[in-house]
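Morning, everyone. Please bring up the model on your screens, and we'll walk through it together.

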Amino acid sequence: MQYVMDFTAQSVPSISSSSVLVELSMSVWTGKKLDKRASEEVTTANNAAKGVARVNKSLLGDCAELDALQKFASNVRNMHYNSTLPWSDMGPRLLPTTRFFSYQQTFTALEAEFNRMVDAFMQAYDWEITRSQAKLGDLFDIREYPNKDDLRSKFSFKVNYLPVPDAGDWRLDIANEAQTQLKEQYATHYKGQLEGAMKDIWQRLFDTLTVLSRQLSDTTTNAKGEEVTPKIYQSVFDRALEVVDLMDTCNLTGDPTMQLMQRKLAMTFRGVTVDSVKEDSHLRRETKRAIDEAIKNLPSLGF
């Protein structure tokens with residue numbers, strides 16, 4: 001079935017006083033290096049055309065400290081994405097002021113943990129180079145390892161907060177006609193970005209509830225064609241709760257449909273846990289029924 005989401009019935013309010021833009025910038029040294037000599041040797045040995053083979057080596061092998069940093073950075077980016085709404089293609093995302101202090105507190109702690117992990121890695125760096133020499137053999141080249149000052153600069157964690165420009169706020173010394181044109185252009189952009197942010201919440205809800213509904217089924221067919229009871233994953237359940245909370249704190253347009261859906265889902269999940277739906281088949285079926293009903297009543301999103 002084809003859906004089309006309709007925003008025309010809703011007026012788009014100014015959100016410059018109820019939201020901020022937040023930009024997360026993180027960098028982590030990859031520890032990878034293209035070995036041109038080895039790449040040429042592989043190409044020649046296999047009678048292949050130049051440039052079709054690339055040998056990328058891991059300079060520190062299985063360095064636990066660097067692996068932990070890279071995984072940590074990935075998790076932080078996911079947390080940033082899940083805590084905010086899309087706004088600009090260039091990077092900044094929308095953060096309602098209702099979530100500002102929680103976000104700021106969380107990411108201040110994450111930044112401190114990131115810096116602690118970087119310090120731990122820097123302390124282990126010299127020893128890891130020694131270990132990698134034995135692992136890489138003839139592929140080892142000490143010139144490929146940055147000194148500690150250069151290496152430290154490859155790690156960064158920064159959060160920037162910016163005001164949301166108001167659709168009518170233009171302070172440019174240009175002709176009135178041009179100002180009017182720019183205002184109208186930005187007003188259209190502003191409305192479109194806000195609609196996109198709200199649609200993102202609905203899309204997250206649809207995606208999460210669809211997966212959770214499938215996991216709450218009594219049986220499903222596996223790859224072997226066998227009827228089995230699906231597993232219910234805590235991560236999916238938690239993600240559903242996060243989206244329901246997002247519907248409450250990030251309903252920037254005051255959409256009554258979202259408010260009603262949020263209240264119904266909050267009631268559905270109240271007192272429900274992964275363990276309880278595993279142990280109680282009736283609760284499992286009732287929870288799935290409520291979730292399926294919510295999916296059926298989602299507004300048109302263009303799925």
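Let me start with a question: are Phe121 and Phe155 buried or exposed? Both are buried. Keep in mind that this is a predicted model.

Let's stay with those rings. The structure holds twelve aromatic pairs. Take Trp29 and Phe121 to begin with. Their ring centres are 6.3 Å apart and their planes meet at 40 degrees, so this pair counts as tilted. Trp29 sits in the loop between strand 1 and strand 2, while Phe121 belongs to helix 3, so the pair ties together parts that are 92 residues apart in sequence. Trp29 is buried, as is Phe121.

Now back to Phe155. Phe121 pairs with Phe155 too, and that pair is also tilted, with 5.6 Å between the centres and 55 degrees between the planes. Phe155 lies in the loop between helix 4 and strand 6. Again, distant parts of the chain are linked, here 34 residues apart.

There is also an aromatic cluster to find. Its members are Phe100, Phe101, Tyr103, Phe107 and Tyr161.

Next, the cores. As a general point, nonpolar side chains in soluble globular proteins tend to be buried together. How many residues does the largest nonpolar core have here? The count is 34. Leu85, Leu205, Leu265 and Phe269 have the most contacts inside it. Helices 5, 6, 7, 8 and 9 each supply at least two of its residues. Helix 5 gives the largest share, eight residues.

Zoom in on Leu85. Beyond its neighbours within four places in sequence, its contacts include Arg93, Leu94, Ile201, Arg204 and Leu246. Arg204 has another place to look: it lies over the face of Tyr81, 4.7 Å from the ring centre.

Last stop, strand 5, residues 93–96. What covers its two faces? Look at the side chains. Arg93 and Leu95 are on one side, Leu94 and Pro96 on the other, and all are buried. Strand 5 has partners. Strand 1 runs antiparallel to strand 5, joined by four bridges. Within strand 5, Leu94 stands opposite Leu21. Strand 4, residues 85–86, is antiparallel to strand 5 as well, with two bridges. There, Pro86 has Arg93 as its bridge partner.

That's the tour. Over to you for comments.

Technical notes. Residues are numbered from 1 along each chain as its sequence is written. This is a predicted model: local features need pLDDT of at least 70, side-chain atom pairs count only at pLDDT 80 or more; totals for chains, interfaces and linings use all residues. Side-chain values use heavy atoms; hydrogens and water are left out. A nonpolar core is a set of buried Ala, Val, Leu, Ile, Met, Phe, Trp, Tyr and Cys residues joined through side-chain atoms within 4.5 Å. Buried means under 20% relative accessible area, exposed over 50%, partly exposed in between (1.4 Å probe, protein chains only). Contact means heavy atoms within 4.5 Å. Two strands pair if DSSP finds at least two bridges between them. Rings of Phe, Tyr and Trp (its six-membered ring) pair if their centres lie within 6.5 Å; planes under 30 degrees apart count as stacked, over 60 as edge-to-face and the rest as tilted. A charge sits over a ring if NZ of Lys or CZ of Arg is within 6 Å of the ring centre and within 35 degrees of the ring normal.
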